[in-house]
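Please keep the sequence and the model in view while reading.

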Amino acid sequence: MKAKSLSLDYEEWRSFGNVWRYEDYIELLDLMLQDNEVILGGDILNLEDDVLGTAGCGWYYEGDSPIDSNVTAQKYLAGIADWAKREKLFISFCIKDRD
């Protein structure tokens, strides 16, 4: 598995606060779909002067479908590809708790 957060790999990831490299989003979304995760949304972060901070944008999903939430995330993240070519972007995800 290549996709790694800044601290954990996907298999270890079950906590809040992890940040992922934008370029790993396709692989991450594939793994989340395989795990039937419902992605409630996410935030975009950028690296400026060696400081990771919010870019002030993100997306959200209101529903219970792992497939629909994944498609929502895919559309949003694919839509910022040109921006990601110009800046080093990172993403965070909010995943629905499985109770």
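## Basis

This is a predicted model, in which local features need pLDDT of at least 70 and side-chain atom pairs count only at pLDDT 80 or more, while totals for chains, interfaces and linings use all residues. Residues are numbered from 1 along each chain as its sequence is written, and side-chain values use heavy atoms, with hydrogens and water left out.

## Overall layout

The chain contains three helices and four strands, and along the sequence these elements follow the pattern β-α-β-β-α-α-β. Helices (H or I, at least four residues) and strands (E, at least two) are DSSP runs, numbered from the N terminus. Of the 99 residues in the chain, 38% are buried; buried means under 20% relative accessible area, exposed means over 50%, and partly exposed lies in between, with a 1.4 Å probe and protein chains only. Accessible areas come from the Shrake-Rupley method with a 1.4 Å probe, and for residues only the protein chains shown count as cover.

The structure holds zero disulfides, a disulfide being a pair of cysteine sulfur atoms within 2.5 Å. Cys 57 is partly exposed, with a relative accessible area of 22%, and Cys 94 is partly exposed at 35% relative accessibility.

## Surface patches

Patches are made of residues with over 30% relative accessible area and no salt bridge, where like charges are joined within 9 Å and nonpolar side chains (Val, Leu, Ile, Met, Phe, Trp, Tyr) within 5 Å. For charges, Lys and Arg count as positive and Asp and Glu as negative, while His and the chain ends are not counted; the place of a charge is taken as NZ of Lys, CZ of Arg, CG of Asp or CD of Glu.

Glu 48, Asp 49, Asp 50 and Glu 87 form a negative surface patch. Among them, Glu 87 sits in the loop between helix 3 (81-86) and strand 4 (89-95), and Glu 87 counts as partly exposed because its relative accessibility is 33%. A nonpolar surface patch of about 230 Å² is made by Leu 33, Ile 67 and Val 71. Of these, Ile 67 belongs to helix 2 (residues 66-79), and Ile 67 counts as exposed at 55% relative accessibility.

## Salt bridges

Side chains of opposite charge can pair when their charged atoms come close. A salt bridge is here a side-chain nitrogen of Lys or Arg within 4 Å of a carboxyl oxygen of Asp or Glu, and a search of the whole structure finds two salt bridges.

In one of them, the side chains of Asp 64 and Lys 96 meet at 2.2 Å, N to O. This pair links distant parts of the chain, with Asp 64 in the loop between strand 3 (51-60) and helix 2, and Lys 96 in the segment after strand 4, 32 residues apart. Asp 64 is exposed, with a relative accessible area of 55%, whereas Lys 96 is partly exposed at 33%.

Another salt bridge joins the side chains of Lys 85 and Asp 82 at 3.9 Å, N to O. Lys 85 and Asp 82 are separated by about one helical turn because they are three residues apart in helix 3, and both Lys 85 and Asp 82 are exposed.

## Backbone angles

Asn 36 has a positive phi of about 55° although it is not a glycine. Asn 36 lies in the loop between helix 1 (25-34) and strand 2 (39-48), and it is exposed, with a relative accessible area of 52%. Asp 49, already named in the negative patch, likewise has a positive phi of about 55° without being a glycine. Asp 49 lies in the loop between strand 2 and strand 3 and counts as exposed at 70% relative accessibility.

## Buried residues and separations

Leu 77 is found in helix 2 and is buried, with a relative accessible area of 0%. Trp 59 is found in strand 3 and is buried, with a relative accessible area of 8%. The table gives a C-alpha separation for each of these residues.

| Pair | Residues apart along the chain | C-alpha separation |
|---|---|---|
| Leu 77 and Ile 26 | 51 residues | 8.9 Å |
| Trp 59 and Tyr 76 | 17 residues | 6.9 Å |
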